[in-house]
Amino acid sequence: LPRKLMYNDFVIVGPEKDPAKIADSADVAQAFKKIANMNMTFVSRGDDSGTHKKEKGIWQQSKIEPNFGGYRSVGQGMGPTLNMANEMQGYTMTDRGTWLAYNNKLDLKILFQGDKNLFNPYQVILVNPERYPTINYQGAKVFSDWLVNPKGQQLINEFKLSGKQLFVANANEK
C-alpha cells in the first residue's frame, strides 16, 4: 500500500522578460497556451519521467498538441533540461527542489506557480515480497517506517537548500 511521504510542487520558469506574459495567467493550462500560441521556446524533458507525464497532462488540459515550432523534447533529466532552457532563453516546467538546486546558475526565473495542478506528491511503496522473493523486504520496511515516523518527517521538513525548504512532510495527513 502506498504511504504518503512528502510533497513539493512544480513551477514554470523562463526568461525574466517573460515574452509570453505567462506570469498573469489564470492557471497553468493558460500559461502553456500562451507559450504555444506565441510559438515561444518550451524545453520538455521528453523522458517519460513523472515530471514529463505531468507536463503532458497539462498540455492535454490546455487542448494544445505540443508540436509547435518552439517545442523542444530533449530526452534528458531535469538538470540538463534547465540548462538547455537557460541557453535558449525558453520556458520549462521543473520541480521546485531541482529549481532551488540550479537557480543560482541560471538566468531564468519562476514565472508561474501555485496552481493546484502543479502539486507534486511523493509516496513510499514497498515491493511485494511474494512476487520478488530475492528483495530485502525487511530492510525496505524498516526504511519505509523510518521515513514516515516523526523523526524522518522532521528531517524532511528541515532539509533546506540556500535556506529554502525543498519538501513538506505529510505522512501523517489523512
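Which residue follows H3, and is its phi positive or negative? Gln89 follows H3, and the phi of Gln89 is positive, near 50°. The legends below describe a predicted model.

**Figure 1. Overview of the protein chain, with six helices and nine strands.** The chain has 174 residues, and 41% of them count as buried. Its C-alpha atoms fill a box of roughly 55 × 35 × 30 Å along the principal axes. Contacts with a separation of 6 or more were also sorted by sequence distance: 67% of them come from residues 24 or more positions apart. The accessible surface is about 9800 Å². Carbon and sulfur atoms hold 52% of that surface.

**Figure 2. Helix H3 and its buried face.** H3 spans residues 78-88. Its buried residues are Met78, Gly79, Thr81, Leu82, Ala85 and Asn86. Seen down the axis of H3, these residues fall within an arc of 165°, so they line one face of the helix.

**Figure 3. Helices H5 and H6 where they cross.** Two packed helices are described by the angle between their axes and the distance between the axes. H5 covers residues 137-148, and H6 covers residues 150-158. Their axes come within 4 Å and cross at roughly 65°. On the H5 side, the contact involves Trp146, Leu147 and Val148. On the H6 side, it involves Pro150, Gly152, Gln153, Leu155 and Ile156. By class, six residues of this contact are nonpolar and two are polar. No charged residue takes part.

**Figure 4. Helix H6, from its cap to its buried face.** Asn149 caps the N-terminal end of H6. A side-chain oxygen of Asn149 lies 2.8 Å from the backbone nitrogen of Lys151. Which residues of H6 are buried? They are Gly152, Gln153 and Ile156. Seen down the axis of H6, these residues fall within an arc of 95°, so they line one face of the helix. They pack against S1, H5 and strand S9 (168-169). Gly152, Gln153 and Ile156 also belong to the contact with H5.

**Figure 5. Asn8, a buried residue of strand S1.** Is Asn8 buried or exposed? Its relative accessibility is 4%, so Asn8 counts as buried, the limit being under 20%. The side chains of Asn8 and Asn120 are joined by a polar contact of 2.8 Å.

**Figure 6. Pro129 in the loop between strand S6 and H5.** S6 spans residues 119-124. Pro129 has a relative accessibility of 33%, so it counts as partly exposed. Leaving aside neighbours within four places in sequence, Pro129 is in contact with Ile135 and Tyr137. How far apart are the C-alpha atoms of Pro129 and His52? They are separated by 30 Å. Along the chain, Pro129 and His52 are 77 residues apart.

Notes
Residues are numbered from 1 along each chain as its sequence is written. This is a predicted model: local features need pLDDT of at least 70, side-chain atom pairs count only at pLDDT 80 or more; totals for chains, interfaces and linings use all residues. Side-chain values use heavy atoms; hydrogens and water are left out. Buried means under 20% relative accessible area, exposed over 50%, partly exposed in between (1.4 Å probe, protein chains only). Helices (H or I, at least four residues) and strands (E, at least two) are DSSP runs, numbered from the N terminus. The arc is that of the directions from the helix axis to the C-beta atoms. Axes are lines fitted to C-alpha atoms, for helices over the stretch in contact, and angles run from 0 to 180 degrees between N-to-C directions. Contact means heavy atoms within 4.5 Å. Ala, Val, Leu, Ile, Met, Phe, Trp, Tyr, Cys and Pro count as nonpolar, Asp, Glu, Lys and Arg as charged, and the others, Gly among them, as polar. A polar contact is a pair of N or O atoms within 3.5 Å; within protein, one must be able to donate a hydrogen and the other to accept it, and residues adjacent in sequence count only if both atoms are side-chain atoms. Accessible areas come from the Shrake-Rupley method with a 1.4 Å probe; for residues, only the protein chains shown count as cover.
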